[in-house]
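The sequence and the model are shown first.

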Amino acid sequence: MKLVIAAAVFGLGAANIVSPEHKTCLDIKALCKDGSDKAGCERQGPNDLKKGANLQMWKCHDKKNQLFELMNGRWHNTLTGLCIDIQANCADGSNHAGCKRQALEDIKEHANVQLWTCR
């Protein structure tokens, strides 16, 4: 984490967000090409990663799906052009397009961490 902060502060470009204890990096989770998440499948390519893609901790490998930079106070992935965000469900508890979303202070328990449009 120290390397990422230093890189961002000094404008050195993108870097990995690392968990030193677990020796893993923040990584964009690529689903299988058929949309499932089964072991051994052919995964989506970098150009197929879209907003709503989930994030995970994964073995560090220094590819672009693990590179983030701090831009305007938000962690931005250089590969997708998207930012780290939490998924707010609809105020009624569902999750469909066009609904009124929960306010940040109303998210009390778990929240999905994903990539979304930078604001």
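Aspartate 37 is partly exposed, at 40% relative accessibility; buried means under 20% relative accessible area, exposed over 50%, and partly exposed in between, with a 1.4 Å probe and protein chains only. The model is predicted: local features need pLDDT of at least 70, side-chain atom pairs count only at pLDDT 80 or more, and totals for chains, interfaces and linings use all residues. Residues are numbered from 1 along each chain as its sequence is written, and side-chain values use heavy atoms, with hydrogens and water left out.

The side chain of aspartate 37 meets that of lysine 29 in a salt bridge of 2.7 Å, N to O. A salt bridge here is a side-chain nitrogen of Lys or Arg within 4 Å of a carboxyl oxygen of Asp or Glu. Lysine 29 is partly exposed, with a relative accessible area of 26%. Across the whole structure, 6 salt bridges are found; the table gives some of them.

| Salt bridge | N to O distance |
|---|---|
| Lysine 29 and aspartate 37 | 2.7 Å |
| Lysine 38 and aspartate 34 | 2.8 Å |
| Aspartate 85 and arginine 119 | 2.8 Å |

In the salt bridge between aspartate 85 and arginine 119, the two residues come from distant parts of the chain: aspartate 85 lies in strand E6 and arginine 119 in the segment after E7, 34 residues apart. Aspartate 85 is buried, at 14% relative accessibility, whereas arginine 119 is exposed, at 69%. Salt bridges that share partners also join Lys29, Asp37 and Arg43 into one network.

Strands are DSSP runs of E with at least two residues, numbered from the N terminus, and two strands pair if DSSP finds at least two bridges between them. An open sheet of 3 strands has the order E1-E2-E3, with antiparallel pairing. Its edge strands, each pairing on one side only, are E1 (18-19) and E3 (55-59). Strand E2 (residues 24-28) runs antiparallel to E3 and is joined to E3 by 5 bridges. In E3, leucine 55 is the residue opposite isoleucine 28.

Strand E4 (residues 68-71) pairs with E5 in the antiparallel sense over 4 bridges, and leucine 70 stands opposite tryptophan 75 in E5. The two strands E4 and E5 form a hairpin with 2 residues between them, where asparagine 72 in the turn has a positive phi of about 50°.

Leucine 82 sits in the loop between strand E5 (74-77) and strand E6 (83-87). Is leucine 82 buried or exposed? Leucine 82 is buried, because its relative accessible area is 11%. Contact means heavy atoms within 4.5 Å; not counting residues up to four places away in sequence, leucine 82 touches Lys50, Lys51, Trp75, His76, Asn77, Leu115, Trp116, Thr117 and Cys118. From leucine 82 to lysine 50 the C-alpha to C-alpha distance is 8.3 Å, although the two are 32 residues apart in sequence.

Leucine 104 is in the loop between E6 and strand E7 (112-116). Leucine 104 counts as exposed at 61% relative accessibility. Together, Ile86, Leu104 and Val113 make a nonpolar surface patch of about 250 Å². Patch residues have over 30% relative accessible area and no salt bridge, with like charges joined within 9 Å and nonpolar side chains (Val, Leu, Ile, Met, Phe, Trp, Tyr) within 5 Å; accessible areas come from the Shrake-Rupley method with a 1.4 Å probe, and for residues only the protein chains shown count as cover.
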